[in-house]
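Dear colleague,

I am passing on a structure that is new to you, together with some notes on what I found in it. Please keep the model open while you read, as the notes move from one part of the chain to another.

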Amino acid sequence: MQTSETAAVTILDFEPEHAAKFRELNEEWITHYFVMEEADHKSLGDPQGYILDKGGYILMAKYNNEIVGTCALINDGNGIYELAKMAVTPKAQGLKIGKLLGEAAIKKARAAGALKVYLVSNRRLETALNLYKRLGFVEVPMPPSIYERADIKMEIEL
């Protein structure tokens, strides 16, 4: 199902054949800045069981017939979703694909009846944090996280 399109960018719902690209795109940025953690291996190794079967969603960005970006909405229950695993391959950065993915994820969360979407990130990822602010996310106190690298939490009320 196509959810939004700009120029040659199309945002698609996850299909099983996207699993390898979902993992590859995320491993690419995580290993560039950090190290893969246990929670990364769990979610990237089994997106169907870890995200989709629990009422979550994964979106894929296609540019010039190639999957170049992704993000997930993990269902925490009670109308709360986590925006997670957002990645755009370096060769497609600067094309506003992250913005399109973020907007599509917020729209999907709203349609699913979400009350709030949150994310955890790292302050070193300034470009990503600026994107989240432009999407409407605001910083909130950081609780303990399953990710060692996470040092900032942001959320948006829907």
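**Helix α2 and what covers it**

The buried residues of helix α2 are covered by elements that include α1 (19-33), α3 (47-50) and β5, where helices (H or I, at least four residues) and strands (E, at least two) are DSSP runs numbered from the N terminus, and where contact means heavy atoms within 4.5 Å. Please bear in mind that this is a predicted model, in which local features need a pLDDT of at least 70 and side-chain atom pairs count only at pLDDT 80 or more, while totals for chains, interfaces and linings use all residues. Residues are numbered from 1 along each chain as its sequence is written, and side-chain values use heavy atoms, with hydrogens and water left out.

As for confidence, the protein averages a pLDDT of 94, and 96% of the residues score at least 70; pLDDT is the predictor's confidence in each residue, from 0 to 100. Over residues 1-5, however, the pLDDT is below 50, and this stretch has 13 contacts in the model beyond near neighbours in sequence.

To return to α2 (residues 38-45), its buried residues are Ala 39, Asp 40, Ser 43 and Leu 44, with buried meaning under 20% relative accessible area, exposed over 50%, and partly exposed in between (1.4 Å probe, protein chains only). These four cover an arc of only 115 degrees around the axis, which puts them on the same side of α2; the arc is that of the directions from the helix axis to the C-beta atoms. The exposed residues Glu 38 and Gly 45 are carried on the face of α2 turned away from its buried side.

**Helix α5**

In α5 (126-135), the buried residues are Leu 129, Leu 131, Tyr 132 and Leu 135. Their arc around the axis is only 155 degrees, which puts them on the same side of α5. An α-helix has 3.6 residues a turn, so residues three or four places apart point the same way. The cover over the buried residues of α5 includes β5, α4, β6 and β8, whereas the face turned away from the buried side carries the exposed residues Glu 126, Thr 127, Lys 133 and Arg 134. Just after α5, Gly 136 takes a positive phi of about 110 degrees.

**Strands around β6**

Strand β6 (residues 116-121) pairs with strand β5 (residues 80-88) in the parallel sense over three bridges, and two strands count as paired if DSSP finds at least two bridges between them. Between these two strands the chain passes through helix α4 (residues 97-111), and this β-α-β crossover is right-handed, which is to say that, with the strands pointing away from the viewer, the path from the first strand over the helix to the second runs clockwise. With strand β8 (residues 152-157), β6 pairs in the antiparallel sense over six bridges. Lys 116 of β6 stands opposite Ile 80, and in β8 its bridge partner is Glu 157.

**The nonpolar cores**

A nonpolar core is a set of buried Ala, Val, Leu, Ile, Met, Phe, Trp, Tyr and Cys residues joined through side-chain atoms within 4.5 Å. The largest one has 30 residues, of which Ile 11, Leu 83, Ile 97, Leu 101, Val 117, Tyr 132 and Phe 137 touch the most other members. The largest share of this core, seven residues, comes from α4. A second, separate core of 15 residues includes Met 36, Ile 51, Ile 67 and Ala 72.

**Some single residues**

Tyr 81, which lies in strand β5, is buried, with a relative accessible area of 6%. Leaving aside neighbours within four places in sequence, Tyr 81 has contacts that include Tyr 57, Leu 73, Lys 116 and Val 117. His 18, in the loop between β2 and α1, is likewise buried, at a relative accessible area of 9%, and with neighbours within four places in sequence left aside it is in contact with Asp 13, Met 60 and Ile 67.

Asn 78 has a positive phi near 55 degrees; it sits in the loop between β4 and β5 and is exposed, with a relative accessible area of 72%. Lys 96, with a positive phi near 65 degrees, is found in the loop between β5 and α4 and is exposed as well, its relative accessible area being 58%.

With best wishes
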